[in-house]
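Here are my notes on the model, as promised. Have it open while you read, and start with the helices.

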Amino acid sequence: MKAMVAAGCLAAAVLLLLPGPPRRRWRAVGVRAAAWDPQAGAAWRDARLLALRRRLTARRSALRRRERALEVCDAFAAELRAGRAVRDALVRAATGVGDCCPAALSACRLGGDVVVALREDAARSGVGLWGSLAACWVVGEGSGAGLAAAVDRLVAAARSDEEVRREVVAALAAPRATAQVLAVLPVFGMVLGTALGAQPVAWLTGSVLGLAVLAAGVAAAVAGVLWTGRIARAVERRL
């Protein structure tokens, strides 16, 4: 019974922590390749690839929306400095950039409430720059020069935030990799101990205390990987 519990803990650790496709994980715990359903493996792989592709597509789309918003705001400030009317300046700045702020453009052309439209664009696209531009619009709509200076500062701050966002995303890769390495490290320690004649596997599987330590170690390793990934994803959602 003890040996079965220990084998189950070790198999769970390998299946959860070993990188690579499921076929490789099942082989590592002693399941033959014939026992693995190729269709199930292909479906699992396709689902993982699809989820990864969707995440990458969503991240790239958000980056493009932020870049287009910066481009429009930069051109908007230039149009204001050139002496154009506020609404006309926004229309000219956004022309040709794409579907970046459709509600605001419609409000400018039809004489609607541009502030409400900009906030609607911010909620729709997830680009907070439109909401900040709405606040600047409230303060400086009556004075083109003042609004131009405010938009310039807004664009500078947004570019700085974008640089910080990219640095944070790049820095999150290190904690994730560290958590995975630390989770797998005890396995290498057991292998090294066995090579030195310490017999750690026999101790872990030969007593109730050893089984408890094994189960606690596997649970802690899995929890560490999952918790680190959750923290990283929470930080990415706030960027």
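Before the points, some terms: helices are DSSP runs (H or I, at least four residues), numbered from the N terminus. Axes are lines fitted to C-alpha atoms, for helices over the stretch in contact, with angles from 0 to 180 degrees between N-to-C directions. This is a predicted model, where local features need pLDDT of at least 70 and side-chain atom pairs count only at pLDDT 80 or more, while totals for chains, interfaces and linings use all residues. Residues are numbered from 1 along each chain as its sequence is written, and side-chain values use heavy atoms, leaving out hydrogens and water.

1. Look at helix 6 (residues 114-125) and helix 7 (residues 128-140): their axes come within 8 Å and cross at roughly 170°. That makes the two helices roughly antiparallel (the term covers angles over 145 degrees). Helix 6 brings Val114, Val115, Leu118, Arg119, Asp121, Ala122 and Ser125 to the contact, and helix 7 brings Trp130, Gly131, Leu133, Ala134, Trp137 and Val138 (contact means heavy atoms within 4.5 Å). By class, that is nine nonpolar, two polar and two charged residues. Here Ala, Val, Leu, Ile, Met, Phe, Trp, Tyr, Cys and Pro count as nonpolar, Asp, Glu, Lys and Arg as charged, and the others, Gly among them, as polar.

2. Beyond its neighbours within four places in sequence, Trp130 touches Ala69, Val72, Cys73, Cys100, Cys101, Leu118, Asp121, Ala122 and Ser125.

3. Trp130 also turns up in the lining of the largest cavity, along with Arg65, Arg68, Asp99, Cys100, Ser125 and Val127. A cavity is a set of points on a 1 Å grid over the protein atoms alone where a 1.4 Å probe fits but cannot get out, and lining residues have an atom within 4 Å of a point. The largest one holds about 30 Å³, the volume being the space filled by probe spheres set on the points, which are joined across faces, edges and corners. Its lining has three nonpolar, one polar and three charged residues.

4. Helix 5 (residues 102-110) has Ala103, Ala104, Leu105, Ala107 and Cys108 buried, and these pack against helix 4 (86-94), helix 6 and helix 7. Gly111, which follows helix 5, has a positive phi near 75°.

5. Check Gln199 too: its phi is positive, near 55°, in a residue other than glycine. Gln199 sits in the loop between helix 8 (144-195) and helix 9 (200-205), and is exposed at 54% relative accessibility.

How values were computed: 1 Å grid on protein atoms, 1.4 Å probe; cavity = no way out; pocket = protein on both sides within 12 Å on 5 of 7 lines; lining within 4 Å. Parallel < 35°, antiparallel > 145°, perpendicular 65-115°, else oblique. Buried < 20%, exposed > 50% of the residue type's maximum accessible area, 1.4 Å probe, protein only.
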